[in-house]
Amino acid sequence: MVGAVVTRLVPEDGPHANITDFEGLTQDQRRVLVASSVTFLMGIFQLAMGVLQVGFIVVYLSDTLVSGFTTAAAIHIMVSQLKFVLGLSVPGINGPLAIIYVSPTFD
């Protein structure tokens, strides 16, 4: 997930995000700066949620719901990685049920 943010803010081609601290830095330094900033911010969010004891919400979630969510997340990750495992070139399509409209092409 951090890699997706880094790729979006510091792309290989084209202009990078309008961040003032980027002046005079190489592309690798920019990527490290973005990755460390995102990681630090997520740590602050987790710390704040721990201090505010937001974890009590989990008590209201059933075991079936948590199990279903975990299974769906695992299937989603597996399907999203298949194009890399099989070496397919899949065009990006956004929208509901976009996976149905994708037709893989072999390299």
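## Close-up views of a predicted model

**View 1. Val10 counts as buried, its relative accessibility being 2%.** In this predicted model, Val10 is placed in the loop that joins H1 to H2. Its C-alpha atom is separated by 9.1 Å from the C-alpha atom of Asp28, a residue 18 positions away along the chain. For the protein as a whole, 7% of the 107 residues count as buried, and with a cut-off of under 20% relative accessible area for that class, Val10 at 2% falls within it.

**View 2. Overall order of the elements in the protein.** The protein has four helices and two strands, and when they are read from the N terminus on, they run α-α-α-β-α-β. The transmembrane region feature comes from an unreviewed UniProt entry, which places it at residues 32-51, 57-77 and 84-103. In the model, residues 32-51 are 100% helix and 0% strand, with 28 Å between the C-alpha atoms at the two ends. Residues 57-77, by comparison, are 71% helix and 0% strand, and the C-alpha atoms at the ends of that span are 25 Å apart.

**View 3. A salt bridge joins Glu12 and Arg31.** A search of the whole structure finds one salt bridge, and in the pair formed by Glu12 and Arg31 the closest N and O atoms are 2.9 Å apart. Because Glu12 lies in the loop between helix H1 (2-9) and H2, whereas Arg31 lies in helix H2, the pair ties together parts that are 19 residues apart in sequence. The two partners can also be described by their accessibility: Glu12 is exposed, with a relative accessible area of 58%, while Arg31, at 23% relative accessibility, counts as partly exposed.

View 4. Phe40, Leu41, Met42, Ile44, Phe45 and Met49 together make a nonpolar surface patch of about 590 Å². One of these residues, Ile44, has its place in helix H2, which covers residues 27-51, and Ile44 is partly exposed, with a relative accessible area of 40%.

**View 5. Gln53 has a positive phi in the loop between H2 and H3.** Most residues other than glycine have a negative phi. Gln53, although it is not a glycine, has a positive phi of about 55 degrees, and this residue comes just after H2. At 60% relative accessibility, Gln53 counts as exposed, the cut-off for that class being over 50%.

**View 6. Helix H3 contains a kink centred on Ser80.** Helix H3 takes in residues 63-86, 24 residues in number, and it reaches 34 Å from its first C-alpha to its last, close to the 34 Å expected at 1.5 Å a residue. The kink in H3, which is centred on Ser80, amounts to about 30 degrees. After H3 comes Gly87, and the phi of this glycine is positive, near 70 degrees.

Terms used. Residues numbered from 1 in each chain as written. Predicted model: local features only at pLDDT ≥ 70, side-chain atom pairs only at ≥ 80, totals over all residues. Heavy atoms only, no water. UniProt positions renumbered as here; feature names shortened; annotations may be inferred. Expected span 1.5 Å × (residues − 1). Bend = angle between axes of the 7 residues up to and from the residue. Patch = residues over 30% accessible without salt bridge, like charges linked within 9 Å, V, L, I, M, F, W, Y side chains within 5 Å. Areas by Shrake-Rupley, 256 points an atom, 1.4 Å probe, with all protein chains shown as cover. Salt bridge = Lys/Arg side-chain N within 4 Å of Asp/Glu carboxyl O. Buried < 20%, exposed > 50% of the residue type's maximum accessible area, 1.4 Å probe, protein only.
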